[in-house]
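Here is a short briefing on one structure. Look it over with the notes below at hand.

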Amino acid sequence: MAEENAIDDPMPTAPERLLPGASGLSLSAAAVAEVEPVGEEPSPLRAFWSAFSENRGAVLGLAVVVFITLLALFAPWVAPHSPIEQFRQSVLLPPVWAGGNWTFPFGTDAVGRDVLSRLIYGARISLGIGLSVMVVSVALGIVLGLAAAFMRGIVEVVVMRVMDMVVAIPSLVLAILIVAVLGPSLTNTIVAVTVVYLPRYVRLVRAAALAELTKEYVIAAQVAGVGRLRLMFVTVLPNCLAPLIVQAALGISDAILEAAALGFLGLGAQPPTPEWGAMLADAREFIRSAPWIVTLPGLAILVTVVAINLMGDGLRDALDPKLRRS
């Protein structure tokens, strides 16, 4: 009987171990439990675009900036006429929505030049000024800012006091002073605006570099014997680029406005150069009789500056994790 009872009993099994914290869930059950797969981490470029595209205004601004840039690049093929060609038989012709014709869709100015063609070529001049000022200012700002942050002492005092002197003078007044000394021209306009906006980049780079110098990776690089130039431009500078890129993007619109102001005062690009500020200056006397000549260049400046500022706002949100929208 004992043998029959032993045969009828099920085979004894080892007691199942319970997982700690799992109420009644055995190890074998946990092993077969489905685990959600970990998603692949997006690339930095895709993550940047995802954060940037959350701001619809920034995307719209980027689209407008790209459109204006393409117009500027392909101006010889897009513009219907030469920007300096004069059509004497069509002086002060109104735009098509005010009774004009499609030969000159935006009308003509006081000497018969096509306003649309001058606006398109003016985009090339204005964007060229903005980009030139931004590139030169950023390059000089990086060099002077890093020098002030790393060398300290007399170098820092001299650099920062000179920047303080530049900032102490109103930007437009200083630009007028520089152009008055050098002479009115497009090149001198770029020089004047570069000097005016240089301090913001120097201060930004210096502040960002000083913040990075206290971090452990910089101290480790110094202990490892990394040279000063490599430490400045390879180790520290890449970590200072995020705020610098945002400021550079916004600086383009500021440079366009400053150059337009100088052109309006007759100290920037000289006639017949189709620069938007100079176009406004040439059309001042026709503000009542032919308002489109004044309105259209002003709208071009307004749309370009607003679009660049919207794009810069999106760059700030995308490059600074603390400002990213939830």
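The lining of the second largest pocket holds 13 nonpolar, two polar and one charged residues. Ala, Val, Leu, Ile, Met, Phe, Trp, Tyr, Cys and Pro count as nonpolar, Asp, Glu, Lys and Arg as charged, and the others, Gly among them, as polar. The model is predicted: local features need pLDDT of at least 70, side-chain atom pairs count only at pLDDT 80 or more, and totals for chains, interfaces and linings use all residues. Residues are numbered from 1 along each chain as its sequence is written, and side-chain values use heavy atoms, with hydrogens and water left out.

**Second largest pocket**
- Its volume is about 290 Å³. A volume is the space filled by probe spheres set on grid points, which are joined across faces, edges and corners.
- A pocket, on a 1 Å grid over the protein atoms alone, is an open set of points where a 1.4 Å probe fits, with protein on both sides within 12 Å along at least five of seven lines; lining residues have an atom within 4 Å of a point.
- The second largest pocket has 16 lining residues, and Val-65, Thr-69, Leu-127, Leu-131 and Ile-252 lie nearest its centre.
- Two or more lining residues come from each of α4, α6, α12 (241-264) and α14. Helices here are DSSP runs (H or I, at least four residues), as are strands (E, at least two), numbered from the N terminus.
- α6 gives the most to this lining, with five residues.

**Largest pocket**
- The largest pocket has a volume of about 350 Å³.
- Its lining has 16 residues; Phe-67, Ile-68, Leu-71, Leu-119 and Ala-300 lie nearest the centre.
- α4, α6 (115-151) and α14 (292-319) supply at least two lining residues each. α14 gives the most, with five residues.
- By class, this lining has 15 nonpolar, one polar and no charged residues.

**Packing of α3 and α4**
- The axes of helix α3 (residues 44-53) and helix α4 (residues 56-73) come within 7 Å and cross at roughly 105°.
- α3 is therefore roughly perpendicular to α4 (65 to 115 degrees).
- Trp-49, Phe-52 and Ser-53 of α3 meet Arg-56, Ala-58, Val-59 and Leu-62 of α4, where contact means heavy atoms within 4.5 Å.
- Five of the contact residues are nonpolar, one is polar and one is charged.

**Annotated transmembrane regions**
- The unreviewed UniProt entry places "transmembrane region" at residues 58-79, 125-151, 172-197 and 289-312. Such annotations may be inferred rather than shown by experiment.
- Residues 58-79 are 91% helix and 0% strand, with end C-alpha atoms 28 Å apart.
- Residues 125-151 are 100% helix and 0% strand, with end C-alpha atoms 38 Å apart.

How values were computed: Axes fitted to C-alpha atoms, helices over the stretch in contact; angles between N-to-C directions. Parallel < 35°, antiparallel > 145°, perpendicular 65-115°, else oblique.
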